[in-house]
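Dear colleague,

Please find below the structure I am handing over to you. My findings follow it.

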Amino acid sequence: MIPPIASRFVAGETPATAFDHVRRANEDGVKVIFNLLGEHYHERADADTDAEAYVSLVRDVADTDLDACLSVKPSQLGIDIGDDVFRENFRRIVEAADEHGVFVWCDMEDADTTDVTLDAFEELAREFDGGVGQCVQANLRRTREDLDRLADVPGKLRLVKGAYDEPESIAYTEKADVNEAYREDLEFLFGERDGGIAVGSHDPAMIAYAEELAAEYGADYEVQMLMGVREDEQRRLAADGVEVWQYAPYGDKWLSYFYRRVRERKENALFALRAVVGV
Ligand code: FAD
């Protein structure tokens, strides 16, 4: 059972608890992206088990009238075992999602996996006419070229700053440079695409810039934030008419995800400490 301290960031251990969370978020106008926690599998059986869990999640989502979709991780679907394992599992989920009308996102992990992930996304997004979305990372120097390549691919693109430490040779490592790249990539996306643009950021400056660009270019966009982070702002934006999606992880592998959230920001660490000492 997940302790209350972690339940700010994780929507329970089972699909049932995660669905309760979606219901509450939807009541506030916030849509939910499910993510079953799990990554870096080295056994094919583990990757196949999670792919099967996503296929049943697709059916469960389709049986409700909830605003929900899902996001998978390449290493959860077996990319560390073999590119073909990842591609087969990804395809299996997208086929089920296409049959049931559920949208599937693919997270982006470390830079060694970028090529295979983008190839798989492009193939499936073209074949299933846009039922798939891909995360791209502004900290990677290559991303502008990738966005160029993906400009006419159907589906959606989620722009994030990038969560993985990458070497200077392939990535911007200074915060200011990442922010500048994020703005440039965002402008490129609004200039090139009619819609399907997701702003995956909690940064008020990036969200305000997206609003400006949307007014200038007239393209549709959505804002995506993590469960437990700036949730008041998520509700406020939704009430203002912005399409807001909250990325909500669930599952029994919650501990390392929770520590990552606590480590990345002082406010989250203070929140955890307050919960422990009860103030
Ligand atoms: P930061 O640059 O961390 O912060 C900028 C400003 O945002 C802060 O100054 C503050 O004003 C505000 N802010 C940020 N966090 C908080 C907080 N906790 N509380 C209050 N204010 C805050 N990364 C990947 O590499 N691959 C992925 O697939 C991926 N998927 C993601 C999906 C979603 C929906 C989101 C939101 C992020 C994802 N990320 C992913 C993580 C992303 O790359 C960043 O590491 C992370 O979002 C932090 O960057 P930021 O843009 O939110 O803001």
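**Findings**

Helices (H or I, at least four residues) and strands (E, at least two) are DSSP runs, numbered from the N terminus. Please note that this is a predicted model, in which local features need pLDDT of at least 70, side-chain atom pairs count only at pLDDT 80 or more, and totals for chains, interfaces and linings use all residues. Residues are numbered from 1 along each chain as its sequence is written.

Helix α5 covers residues 143-150, and its buried residues are Thr143, Asp146, Leu147 and Leu150. Seen down the axis, these fall within an arc of 100°, so they line one face of the helix; the arc is that of the directions from the helix axis to the C-beta atoms. They pack against α4 (114-127), β4 (132-137), β5 (156-160) and α6 (175-192), where contact requires C-beta atoms, placed from the backbone, within 7 Å.

Helix α2 (residues 44-62) has 19 residues and spans 27 Å from its first C-alpha to its last, close to the 27 Å expected (1.5 Å times one less than the number of residues). Its buried residues are Ala47, Asp50, Ala51, Tyr54, Leu57, Val58 and Val61. They cover an arc of only 115° around the axis, which puts them on the same side of α2. Ala45, Thr49 and Ser56 are exposed on the face turned away from that side. The packing partners of the buried residues are α1 (15-27), β1 (31-36), β2 (68-72) and α3 (83-100).

The axes of α2 and α3 come within 9 Å and cross at roughly 10°; axes are lines fitted to C-alpha atoms, for helices over the stretch in contact, and angles run from 0 to 180 degrees between N-to-C directions. The two helices are therefore roughly parallel to each other (under 35 degrees; over 145 is roughly antiparallel, 65 to 115 roughly perpendicular and the rest oblique).

Val10 lies in the segment before α1. Val10 is buried, with 25 other C-beta atoms within 10 Å. Not counting residues up to four places away in sequence, Val10 touches Ile2, Pro249, Tyr250, Trp254, Tyr257 and Phe258. Val10 and Met227 are 217 residues apart in sequence, yet 7.1 Å apart in space, C-alpha to C-alpha.

Yours sincerely

Terms used
A residue is buried if 20 or more other C-beta atoms lie within 10 Å of its own, exposed if 12 or fewer, and partly exposed in between; C-beta atoms are placed from the backbone. Two residues are in contact if their C-beta atoms, placed from the backbone, lie within 7 Å.
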